[in-house]
Amino acid sequence: MKKFVLLLCLSAALSLQIAGAADITGTITLTGTPPAAKEITPIKDDPTCASLYPGDLPKTMFYVTGANGELADVVVTLKGISGQSTGASAPPAVLDQKGCLYVPQIIAVQTGQKIIVKNSDPCVHNVHATPTANPEANQVQMPGGADLTFAFDKPEPFLKFRCDVHPWMFAWVTVVDSPYFAVSGKDGKFTIKNVPPGKYTLEAAHRKLGAQTADIEVKADGAAQNFTFEVK
Amino acid sequence: MLNAVTTFLLIGLGGLVTSHEAGMSVPDWPTTYGYNMFLFPVDKWVGGIFYEHSHRLLASVVGFLTTLLAIFIWLKDSRKWLHWLGIAAFLLVILQGILGGLRVRWQLNWLGVPHGAVAQTFLVLTCAIALCLSRWWQNLETAKLVSVPRGLRKHIFYVTLLIFIQLLIAATMRHQHAGLAISDFPLAHGKIWPDTTPTTIASYNAQRTEMNGENPITAFQVNLQMVHRLVAYTIFLGVAAAAFLARKKLGGGDALTKFAFFWLILLSLQIVLGAATIWSNKAADVTTLHVMVGAAALLTGALWCLMAARRTRLAA
């Protein structure tokens, strides 16, 4: 009976905390003219990869923007928050190798969160993680081979995954030590969910354009913060 | 001679591995994707694996030839000092193999720099051995020999040393895996000396569309390429001076003068290839040719020094 009451109290406290938490939302915009995307012509060097593109070759995706300059692939995090990772119990993130490209190219995960790497291609890849703060790893993945699993213990921005068999293939994974992060979508929008009320520094980081910060206060109804990046 | 030529080709193939960013495309060593490297099926030699695996196989051939060379010298040649040169080549090729293997096993980028430096040293050593074994070396007619002035020999030695330092700078640049830190020539980011403030470096990176996912460039890398350019101009002037000094001191018909002018042609070609490397956005074939001509320039200087020393010693 005592255990039941304790559990009930804990559940109530958790519910209250979640009810008190709110979302941080915003939109990322790009101004200026980014360099034009280029066709990834080295794909032609591998007949198997080339056969996957009977028409146009895919292009580089360093700047993914909407019609009005909305900027995707910006990683938004709460700066200075650490030791709050729930990565061990979080569902795994997925990186696929499809069309001899990493899909998606930019993701964010928590420390300790699993990253499942798939190979949907009819050719071999080597999945080569090249971190600076975490241990490096380089594993072979045959076509149709078993998924590979990675996890990183230390926070690190834009940790690069590459394939050395196909050197145009890469993805960047930002590892965060808390569950409070988001990656902007093609509409430039982001939402960081369930942030406890308080004052924070919000950081928006783009792989090519660096990082910006803004001081915000999350109230019961949440907070909103937009960022504008400029290509010079 | 066969060993020397194979080593030169191996340096070219090593250049292709780095130019194609394929150094880690075979994650295991000494096996290849779990296979005994000599039994790795040919149909799996695709993409970066082709360059890395071919490099390993050719390296094995060089290792085998070097072992034969060391044994041959030990058994057939009477010169003790040459015995030890053979042993040195044997040890160096083993060291080089281990360095290459550890580069893969320990996943250490910077090990590519000593791997490149040992490759150049090994090339000079094997070619020096080939020269010492040649008929020219052993049958020089003392009566006809003219000694080479000490000043000229010192000049060429120091220029050769500078070429070796230049190759170390180049290896450091290549193993940053950052692509071109400066993408224009003869100017650098539109200026005689590029701006390297943090804001400008950020702007360079924002404007780059690096196809091979190279790392972002840094101020250090920009300055390093500028040093590489300045050292290249210095070497060119040094080699030009060497050729004209040789003609003045030894006469236009002397073999060493002709060799010095060949060196000058090589350096001119190397400058053009350096520019072409930039203009082609570091195309793998052009860049690799630049690496090979660099190795040939080092070798030419080193052999010139050896031949001049030999001639002078016999003429004395």
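## Report on chains A and B of a predicted model

Chain B comprises 10 helices and zero strands. The model is a predicted one. Read from the N terminus, the elements of chain B follow the order α-α-α-α-α-α-α-α-α-α. The radius of gyration of chain B is 21 Å, close to the 20 Å that the globule rule gives for 316 residues, so chain B is as compact as a globular protein of that length. Along the principal axes, the C-alpha atoms of chain B occupy a box of roughly 65 × 50 × 25 Å. Buried residues account for 37% of the 316 residues of chain B.

### Domains of chain A

The domain assignment divides chain A into domain 1, covering 22–79 + 180–232, and domain 2, covering 82–179. Between the C-alpha centres of domain 1 of chain A and domain 2 of chain A there is a separation of 18 Å. To their contact, domain 1 of chain A contributes 18 residues and domain 2 of chain A contributes 19 residues. On the side of domain 1 of chain A that touches domain 2 of chain A, at least two residues each are supplied by α2 (47–51), β2 (75–79) and β12 (181–183) of chain A. The largest share of that side is held by β2(A), with three residues. The composition by class of this side of domain 1 of chain A is 13 nonpolar, two polar and three charged residues.

### Sheets of chain A

One open sheet of four strands in chain A is arranged in the order β4-β3-β6-β9, and its pairing is mixed. Its edge strands, β4 (102–103) and β9 (148–150) of chain A, each pair on one side only. Within this sheet order, β3 and β6 of chain A form a parallel pair, in which D96(A) is placed opposite K118(A) of β6(A).

Another open sheet of four strands in chain A has the order β12-β2-β14-β15, with antiparallel pairing. At its edges stand β12 and β15 (210–218) of chain A; each has a single partner strand, so one side of each is left without a neighbour in the sheet. From one strand to the next, the twist averages 25°. The strands β14 and β15 of chain A pair in the antiparallel sense, and T201(A) lies opposite D215(A) of β15(A).

| Strand pair (chain A) | Sense | Bridges |
|---|---|---|
| β3 (residues 93–97) and β6 (residues 115–119) | parallel | five bridges |
| β14 (residues 198–206) and β15 | antiparallel | nine bridges |

The strand β2(A) links two parts of this description: β2(A) belongs to the antiparallel sheet and also gives three residues to the side of domain 1 of chain A that touches domain 2 of chain A.

### Contact between the chains

Between the chains, 22 residues of chain B are in contact with 29 residues of chain A. On the side of chain B that touches chain A, α2 (47–76) and α7 (198–207) of chain B each provide at least two residues. The helix α7(B) gives the most to this side, with five residues. By class, the side of chain B that touches chain A holds nine nonpolar, 12 polar and one charged residue.

Key
Residues numbered from 1 in each chain as written. Chains lettered and ligands numbered in written order. Predicted model: local features only at pLDDT ≥ 70, side-chain atom pairs only at ≥ 80, totals over all residues. Domains from an automatic or database assignment. Contact = placed C-beta atoms within 7 Å. Nonpolar A, V, L, I, M, F, W, Y, C, P; charged D, E, K, R; others polar. Pairing = 2+ DSSP bridges. Rg over C-alpha atoms; globule rule 2.2 N^0.38 Å. Buried ≥ 20, exposed ≤ 12 C-beta atoms within 10 Å, placed from the backbone. Axes fitted to C-alpha atoms, helices over the stretch in contact; angles between N-to-C directions.
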